[in-house]
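Trainee: Could we go through this model together? I would like to begin with the overall division and then look at the details.

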Amino acid sequence: MAASALLYLPTTPSSYHRIVSPTLRVPTETSTSIPVGLLACQRDPLLRELRTKVVSCAISQPPPPPKRSKKGSAPLHNESVLEVILHDTVLFPEGGGQPFDIGHITATSNGQTYDVTEVMRAGGHAIHYVRMVNANSDVLALSPGAEVRVKLGDDGFNRRYDHMTLHTSQHLLSALLEIRLNLPTLSWSLTASPAPCYVELPRSMTVEEIASIQAEANRLVFEGRKVHIEVQELDGAQEPDVPKLASGREVGRGLPSDYTGGVKRVVVIDGVDRNPCCGTHLPSLHNLQLFLLPHTESLARSSTTSARLYFLAGPRLITHLSFSHTLLTGTAALLSCGTPQVQERVNQVVDERKRAEHRAEDLEVELAARIAGDLLRDLSENEDDRLFVSSTHRTDDSSTALGFLSAVVSSFTNVLPSSPVKDSPYLIILSSTPSSQTSMSISVILIFGSDEKTVKEAGESIKTKLGAKGGGKGPRWSGKLVGVWKESREEAAIKEVLRAVAEN
Ligand SMILES: [Zn+2]
């Protein structure tokens, strides 16, 4: 007998959505749209699919609403997009800091499934931005009164679940910060996955404060406190004023000024928090495990200072842990140590590198003086009064090869005035190439001499003969050459240049 497994999808308890006014009803007339505040996604946040009817459908008119531009996903408002309003929907329109859902609409008449790439609230309506498939038949299939199935799909549900987890966590976190530390939430951001979300607070927090808030939040999570929604007519509800800071900024969130749905909605975490919000929230704190990044990031604005506290929960927390773990174990493998030793080992490596760099610098100074010394000796051994010419080529994988050549020149010109050959005419060319040669390799050339004119002349010849680029000032000329450097070609050409200058 074949084994079978059944996966039960979680369902929202019937006590979740509570209409607390005796007169408020969820509209059933399918030719009108249920206002935002009472949508199926807000009544039942775990519902994935719904059969409903189209109320209106129009070809999307550019330009797009400007405020969308900063949120990452580019809106598709153009002639290939339809703006569809449904009687009811499982797709949440952006609001309360929570981003919009994505999903699909399937028209019953032609069986065609359309992608919903964005859902926005306009007044009290949720507008679905639907990607057209066939310009001729789509408008008909989605015409007012047409029956459709609107669903989140797997991608849409995963995205929504992530948003709900973090949004409900934010309510819990903000409530505890307010109750325990008298810290109001100035704003919050549900960032794009997988980045941590944050709340903005009027001051930074100590590590101890963060740990105690995290511990209390997770006690409530393990207890599995229930969450429910209370709705009533907006007119009947007594609207408490949203407190404002001295700067004029509102603390927390009130109702958006353009909201016309007529419904006041309060999200209640049993015994912890009551907060007006249009977002979709999980029916309980179960599985919300809240992780607070154990530091706050201070933000200095013109006149005020605030701080961000970052947090993670649910699937995003697991993604973060997996990523951090992979990073840590990968680093440990590179360092051939256990994960607890990573920090110490990295410290060691950084120290060793600093010491090695320091030693290399010391050796470079010493070596530059040696090379300069050799050149001075050669110059003093030059018996006739004619121009002394010399070229030295080095192999150097340093990113500052020209700097080393300059150090040789400096060392040479520092010692020269006190040497017996201080008045002898000379022209010296130093060059340096990396050890591995490709068409992209960069070699550097430095010319210096006792006579500016001769240096310039040699520089010009190098440019012509080697195809190098460069220029100079006074008795120094520097240039570079891109490509393979050959002893038989480039170095030979340098020697030829020197010979020609010497014979002049
Ligand atoms: Zn909220």
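Trainee: Into which domains is the protein chain divided?

Mentor: This is a predicted model. The protein chain is divided into domain 1 (17-47 + 49-65 + 72-151), domain 2 (159-239 + 249-329) and domain 3 (351-503).

Trainee: How many residues of domain 1 are in contact with domain 2?

Mentor: There are 25 residues of domain 1 in contact with 29 residues of domain 2. The C-alpha centres of domain 1 and domain 2 lie 27 Å apart.

Trainee: And which elements supply the side of domain 1 that touches domain 2?

Mentor: Strand 1 and helix 1 (40-43) each supply at least two residues of that side. The largest share, 3 residues, comes from strand 1.

Trainee: Turning to sheets, what is the order of the open sheet of 4 strands?

Mentor: The order is 1-10-11-12, and the pairing is mixed. Strand 1 (17-19) and strand 12 (273-276) are the edge strands, each pairing on one side only. On average, neighbouring strands of this sheet are turned by 25° against each other, direction ignored.

Trainee: In what sense do strand 10 and strand 11 pair?

Mentor: Strand 10 (residues 227-233) pairs with strand 11 (residues 263-269) in the antiparallel sense, over 7 bridges. Within this pairing, Glu233 stands opposite Val263 in strand 11.

Trainee: A change of topic: what does the secondary structure of the whole chain come to?

Mentor: The protein chain has 9 helices and 19 strands. Its radius of gyration is 36 Å, well over the 23 Å that the globule rule gives for 504 residues, so the chain is more spread out than a compact globule. Along its principal axes, the C-alpha trace spans about 115 × 70 × 60 Å.

Trainee: What percentage of the residues is buried?

Mentor: Buried residues make up 33% of the 504 residues. As for contacts between residues at least 6 apart in sequence, 71% join residues at least 24 apart.

Trainee: What about helix 6: how far apart are its end C-alpha atoms?

Mentor: They are 57 Å apart, which agrees with the 58 Å that the 40 residues of helix 6 (residues 342-381) should span at 1.5 Å a residue.

Trainee: Which residues of helix 6 are buried, and what covers them?

Mentor: The buried residues are Ala368, Ala372, Leu375 and Leu379. What covers them includes strand 15 (388-395), helix 7 (401-415) and strand 16 (426-433). The number buried is 4 of the 40 residues, so helix 6 lies largely in the open.

Technical notes. Residues numbered from 1 in each chain as written. Predicted model: local features only at pLDDT ≥ 70, side-chain atom pairs only at ≥ 80, totals over all residues. Pairing = 2+ DSSP bridges. Axes fitted to C-alpha atoms, helices over the stretch in contact; angles between N-to-C directions. Rg over C-alpha atoms; globule rule 2.2 N^0.38 Å. Buried ≥ 20, exposed ≤ 12 C-beta atoms within 10 Å, placed from the backbone. Contact = placed C-beta atoms within 7 Å. Expected span 1.5 Å × (residues − 1). Domains from an automatic or database assignment.
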